[in-house]
Amino acid sequence: MNEVKSPKKPLIYYYIIAMLVVVLLNALLLPWIAKQQIVEVDYGTFISMTERNEIGGVQVQDNQIIFTGKDGRTVYKTGKMDDPDLVARLQASGAVYGKEIIEEASPLLSFLLSWILPMAMFIGIGQIVSKKMMKNAGGPNSMMFGMGKSNAKVYVKSSEGIKFSDVAGEDEAKENLTEIVDYLHNPGKYKEIGASMPKGILLVGPPGTGKTMLAKAVAGEANVPFFSISGSEFVEMFVGMGASKVRDLFRQAKEKAPCIVFIDEIDAIGKKRDGHIGGNDEREQTLNQLLTEMDGFEGNTGVIILAATNRPESLDPALTRPGRFDRRVPVELPDLKGREEILKVHAKKIKVEAGVDFSRIARMASGASGAELANIVNEAALRAVRDGRSKATQADLEESIEVVIAGYQKKNAILTDEEKLIVAYHEIGHALVAARQSNAAPVQKITIVPRTSGALGYTMQVEEGNHYLMTREEIEAKIATYTGGRAAEELIGSVTTGASNDIEQATKLARAMITRYGMSEEFDMVAMETVTNQYLGGDTSMACSPETQRQIDLKTVEVVKRQHALATKILTESRDKLDQLAKFLYEKETITGDEFMSILNQ
Ligand code: ADP
């Protein structure tokens, strides 16, 4: 979309221009007013001119002597010396002395030029600029110099605007928002039956899932102006400034109605007011103003407010009650089909070889957000260019998944042979435990090429379909797979630090089984932990007594230990396969899931 911005120059810009004008005036105009050009000469020249009777008039000043030639036109200047014979010599030369030669520039004029004019200019500029800002900011209520002005960017309708078709997947969200578009097109239909549109719609979901895109698409489809501002832009240093910005935003929006106002990262101003003394007054005032403004306009004025956040749980309940942000549209991570569609949408922007299997790429990139998928496609195109090809291939796309997940291949990370062998055993350990348990997803690829993220190797598993639920057995199998790397290291007698991430993941899962999923006998269906940050990493906070915590810790250890033992058992039983596969991986560095399976099934 076209962004329309009024050209805004900082105040300092006007002042610099004014300074330049004053300096130029002083440098050029004053000498011109002084009219005469003065030639500076040394004292010797003055004396010899006196002796040659070439001097017309002389004026002796405190620290200099000014004199003219015989014609009286050229004016000379020289320094004053202690010269007792001067008068006698001048007398002899017939010069006229004691008379004023130079007409000083009128003191009044130079005073005007060097003092009054600059001051007048500065005051004038100040007046003009402040008037202009007042006008923009909506009258005398607003702060001087636009401090209380909302700097929402206004996007106007344009043919190249984002449409719903650009946002792949997210069908439910799109369906939900289509109603808004329909309303903006034809409000009469809704008014007739007495329905009023929601004033505010909250888009919630993890980062990079297309919330901003969806908001733009609504505006693009409805062909109405789109105001976009980030929550953090409201938060200012001075109390009251943010509130003034909110007022201004709504005033502008009402003028342009029907229109869409999009507030990104609304949690920056919409956080729960905690009532702490000395809390964040500015933020709370801004939020209060937002609440007031949302109450202030009637449901059917045609201003629709969309807001996005990835921390819905932190929002003030007053903000989410009906009548304000009364509709919540989840924008979740895309599922398998969604991922495939997003890949296809972005692949249209680059040149891709015919016959690329996007569904396979989508399966490999399980858990990736829309933004990551867009990044994967772009990385593939970059890789093709790097290799001097004109089209991106399947291999480019597959490699770029790894780049986005694990970083670039480290060209000069030199592992010793022994380390490489341990990494190979470690990765095969994971893969073998996964493959031997029927519930584990098949392995796609195993590699021991170090990556810039610090991973020395990894096993890429592929989900065949969508998973919305996980059974207890699946979670346990996952924990066993995580412990498989270390179990393999133990079998060859080289326990290393390489398992730290596995340990973290296995512990997280085991703990969640007990504290959140009710999968332990002791604690039954009691929540011992609550998720505080659903969309940003899923942090949890404990909600139990210290004694219970201790028991949970012990129980967690028990769960992990059991799965670790299982992994060791599986690997011991398949020791020959473990050795064979590890050796194969050690030699080839990267093997595919098919190669792995064919050796395993030999
Ligand atoms: P959010 O606001 O949810 O953090 P954005 O809307 O800013 O995410 O998305 C960032 C980028 O990711 C977009 O510019 C787009 O290229 C890509 N993207 C995300 N989701 C989708 C989607 N569903 N379809 C197509 N592209 C997407």
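**Questions on a predicted model**

Colleague: Which residues in helix 21 do K577, Q580, L581, F584 and K588 in helix 20 meet?

Modeller: This is a predicted model, and in it the contact of helix 20 with helix 21 is made by residues that divide into 5 nonpolar, 1 polar and 3 charged. On the side of helix 20 stand K577, Q580, L581, F584 and K588, and the residues they meet in helix 21 are E595, F596, I599 and L600.

Colleague: At what angle do helix 20 and helix 21 pack?

Modeller: Helix 20 covers residues 575-588 and helix 21 covers residues 593-600, and their crossing is right-handed. Their axes lie 10 Å apart, and the angle at which the two helices pack is about 145°.

Colleague: Where in the chain is confidence lowest, by element?

Modeller: The chain averages a pLDDT of 82, and 86% of the residues score at least 70. Helix 19 (residues 546-573) has the highest confidence, at 94, whereas the lowest, at a mean of 45, belongs to strand 1 (residues 2-4).

Colleague: How many contacts beyond four places in sequence does the model have for residues 137-146?

Modeller: Over residues 137-146 pLDDT stays under 50, and where pLDDT is low, the predicted coordinates should not be read in detail. With that caution, the number of contacts beyond four places in sequence that the model has for residues 137-146 is 16.

Colleague: Which elements give two or more residues to the largest nonpolar core?

Modeller: The largest nonpolar core has 27 residues, and those with the most contacts inside it include L177, V218 and L306. Leaving aside neighbours within four places in sequence, L177 is in contact with F164, I201, L203, L214, V218 and L306. Another core, of 26 residues, lies apart from it and has A253, L291, M294 and L315 among its members.

Colleague: Does G370 count as buried or exposed?

Modeller: G370 is found in helix 14 (residues 370-386), and beyond its neighbours within four places in sequence it is in contact with G208, T209, P334 and I342. Because its relative accessibility is 12%, and the cut-off is under 20%, G370 counts as buried.

Colleague: How far apart in space are G370 and G338, C-alpha to C-alpha?

Modeller: Among contacts in the chain between residues at least 6 apart in sequence, 73% join residues at least 24 apart. G370 and G338 are 32 residues apart in sequence, and in space, C-alpha to C-alpha, their separation is 8.9 Å.

Definitions and conventions. Residues numbered from 1 in each chain as written. Predicted model: local features only at pLDDT ≥ 70, side-chain atom pairs only at ≥ 80, totals over all residues. Heavy atoms only, no water. pLDDT = per-residue confidence, 0-100. Helix = DSSP H or I, 4+ residues; strand = E, 2+ residues; numbered from the N terminus. Contact = heavy atoms within 4.5 Å. Axes fitted to C-alpha atoms, helices over the stretch in contact; angles between N-to-C directions. Left-handed = near helix turned anticlockwise from the far one by under 90°. Nonpolar A, V, L, I, M, F, W, Y, C, P; charged D, E, K, R; others polar. Core = buried A, V, L, I, M, F, W, Y, C linked by side-chain atoms within 4.5 Å. Buried < 20%, exposed > 50% of the residue type's maximum accessible area, 1.4 Å probe, protein only.
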